[in-house]
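Dear colleague,

I am passing on the structure below, which is a predicted model. My notes on what was found in it follow, and I would be glad if you read them with the structure open beside you.

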Amino acid sequence: MVCQNTNFREAISPKERLVVTLRYLATGVSFRSLSFSFRLGVTTVQRIVRDTCQILWQVLQPYEMPSPDKNHWQLVADTFYKKWQFPNCIGAIDGKHVEMKAPSLSGSLYWNYKGYPSIVFIAVIDAFSRYTVIEVGAYGSSTDGGIFQNTRFYQQLSENTLNVPMDNPIPGTDTVMPYVFIGDEAFPLEYHLTRPFPRRSLTDEKKIFNNRLSRARRLVECAFGISANMWRIFLKPIETQPDFACDIIKSVCILHNFILNNEPHRMKIVDSEESWTSPTQNMGRAETVLNRRPSNKAMEVRDKFTTYFVSPTGSVPWQNIL
């Protein structure tokens, strides 16, 4: 929207529009409070925040969260191995419920298993806790695989159209392995997506695999924690319509990447494992488990990782702390 000065008033400048939006995202205050602070109408503030969130995504997304190609995935895998000692890993994946005010006449559509209305966003994170892929907008009531299985990311993963590099030997060995995303028990075990072993009847080797995977996977929890503490809008229910809330979440994710890319000292937060336990109030874990038996190839991939982690080539000193 292009705003122009008139004989009756001056248009609200782009700078002030950005300030209003950043104040809203960073503090989570109500639109009414912002209207008093900036001497603007409540409806005007709402329109400014929504338009600016959409513009932030449109302008920054090609630079801060571009569609990954094979070179990008390869760079992520190299960094995961160097920083977190997990080879052939191209991202950590998780889903979160973002609390919101339920729209009128929506019934139980947005009410999740924790008892509050929400929308779900699923994110893939790189080795620096930057968002690589996000899927926003699933109903909070969606469970039993409906959330993840209906995402565009999962469809591309299943159809092998994500530009994932060809299988490659694990560093230091001749064992050819696929590049994989890592998730927790809520995600299915696939050829390009691995998860921990079930907690029952764990051998020492399986415990080591779970420890190694959990250490790398917690980067996605770190990303959610950084976003929630930097952008306080995540620490209270979002009181907007669902499509507006999706714009807010997308803008926060793109600003998260922008700040980490342009303020390198913030990377130290990611490197500190103490930060991984940051609470994410109003961002509950999404239940996305798919109740089906994994393929033999998927189980073989996980078994090969387990063998590598207990071998002299792949083991690390701290992994034996079970």
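Helix α1, which covers residues 14-27, packs against helix α3, residues 42-64, at an angle of about 90°, with 9 Å between their axes, and the two helices are therefore roughly perpendicular to each other, since angles of 65 to 115 degrees are counted that way. On the α1 side the residues that meet α3 are R17, L18, V20, T21, Y24 and L25, and on the α3 side they are V45, I48, V49, T52, C53 and L56. Sorted by class, this contact is made of nine nonpolar, two polar and one charged residues.

Leaving aside neighbours within four places in sequence, Y24 is in contact with V29, F31, L34, V49, I233, I238, T240 and I248.

One residue of α9 may also interest you, namely S251, which is found in that helix between its limits of residues 242-262. S251 is buried, because its relative accessible area is 0%, and under 20% counts as buried. A polar atom of the S251 side chain lies 2.7 Å from the backbone oxygen of I248, and, beyond its neighbours within four places in sequence, S251 is in contact with L25, C53 and L56.

Terms used
Residues numbered from 1 in each chain as written. Predicted model: local features only at pLDDT ≥ 70, side-chain atom pairs only at ≥ 80, totals over all residues. Heavy atoms only, no water. Helix = DSSP H or I, 4+ residues; strand = E, 2+ residues; numbered from the N terminus. Buried < 20%, exposed > 50% of the residue type's maximum accessible area, 1.4 Å probe, protein only. Polar contact = N/O pair within 3.5 Å; in protein donor to acceptor, adjacent residues only side chain to side chain. Contact = heavy atoms within 4.5 Å. Axes fitted to C-alpha atoms, helices over the stretch in contact; angles between N-to-C directions. Parallel < 35°, antiparallel > 145°, perpendicular 65-115°, else oblique. Nonpolar A, V, L, I, M, F, W, Y, C, P; charged D, E, K, R; others polar.
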